[in-house]
Amino acid sequence: AIGIFLLVAYILFSTARNAEQNQVWVGMSKETAHQLGTPISSLIAWVELLKLQGVDDKTISEIRTDVARLENITERFSKIGSAPKLTPYPIVDAVKESIDYMKTRTTQKVKFYLNDHTGENPVVPINLNLFGWVLENICKNAVDAMSGNGSVTMDIYRNHKKVYIDISDTGKGIPKGKFKDIFQPGFTSKKRGWGLGPSL
C-alpha cells in the first residue's frame with residue numbers, strides 16, 4: 001500500500017512538474033513574440049525610408065522578405081500553446097516554398113532535392129506558417145549535421161488518405177542513445193539553442 005501511494009504521488013508530482021514546465025515555455029514564446037513586435041514595426045518603416053532614398057529594388061526586396069519572415073516567426077511564437085487553424089493547401093507547393101527559402105539562406109555547398117512521388121500535388125489541411133517552421137527546423141539541423149556541405153532530400157508519397165514526407169540528409173546522424181531524448185523540450189546537443197525544434 002505504501003509503495004502504491006509513493007508511486008501515485010511520484011506520478012502526480014511528475015505530471016505537475018511537466019505541466020508547469022510547458023506553461024513556462026508557452027509564456028516565454030508569447031513574451032518573445034510581444035517583444036519582437038516593436039522592432040519589426042520599425043524595420044518596416046526603415047524599409048520604406050530606404051526605398052525613398054533610392055536604394056536598389058533587389059536590396060529592398062531581400063530586406064522585405066526577411067522582415068516578412070520575422071513577422072512569420074513572431075506569429076509562430078504567439079501561437080504556441082494554441083490550437084492551430086488548418087487550411088487546405090497543395091503539399092508539394094508548401095514544401096517547395098520552404099526549400100526555396102532555405103536555398104537562399106544556406107551555403108551553395110548544400111543541395112536541396114524535392115521528389116514528388118504522388119504525381120498530383122495533393123491538397124492537405126495544414127497551417128502553412130507552422131508547417132514551414134517544421135521544415136526549416138529540420139533543414140537547419142541537417143545543415144548543421146553536415147557542417148554546411150552535403151545534400152537534403154525530401155520525398156513526398158501518398159498512401160490512401162495519408163501523405164508522407166520522407167526527409168534524409170548526408171550528415172553524421174543521431175546516436176541511438178539520443179533517440180528517446182530528441183523530442184524532449186529543452187534537449188539540445190548544441191552550445192547555442194533552446195532545444196525546442198523537434199518538439200515544436
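Which helix holds Lys79? Lys79 is found in helix α2, residues 57–79; helices here are DSSP runs of H or I with at least four residues, and strands are runs of E with at least two, numbered from the N terminus. Lys79 is partly exposed at a relative accessible area of 29%, where buried means under 20%, exposed over 50% and partly exposed in between (1.4 Å probe, protein chains only).

This is a predicted model, in which local features need pLDDT of at least 70, side-chain atom pairs count only at pLDDT 80 or more, and totals for chains, interfaces and linings use all residues. Residues are numbered from 1 along each chain as its sequence is written, and side-chain values use heavy atoms, with hydrogens and water left out.

| Feature of α3 and α4 | Value |
|---|---|
| Angle | about 50 degrees |
| Distance between axes | 10 Å |

The axes are lines fitted to C-alpha atoms over the stretch in contact, and angles run from 0 to 180 degrees between N-to-C directions. In this contact (heavy atoms within 4.5 Å), Ile91 and Tyr101 are among the residues of α3, while Phe131 and Leu135 are among those of α4.

Phe131 and Leu135 also belong to the buried residues of α4, as does Trp133. The buried residues of α4 pack against α2, α3, β2, β3, β4 and β5.

How far apart are the end C-alpha atoms of α4? They are 26 Å apart, which agrees with the 26 Å that its 18 residues should span at 1.5 Å a residue; the expected span is 1.5 Å times one less than the number of residues. After α4 comes Ser147, with a positive phi near 55 degrees.
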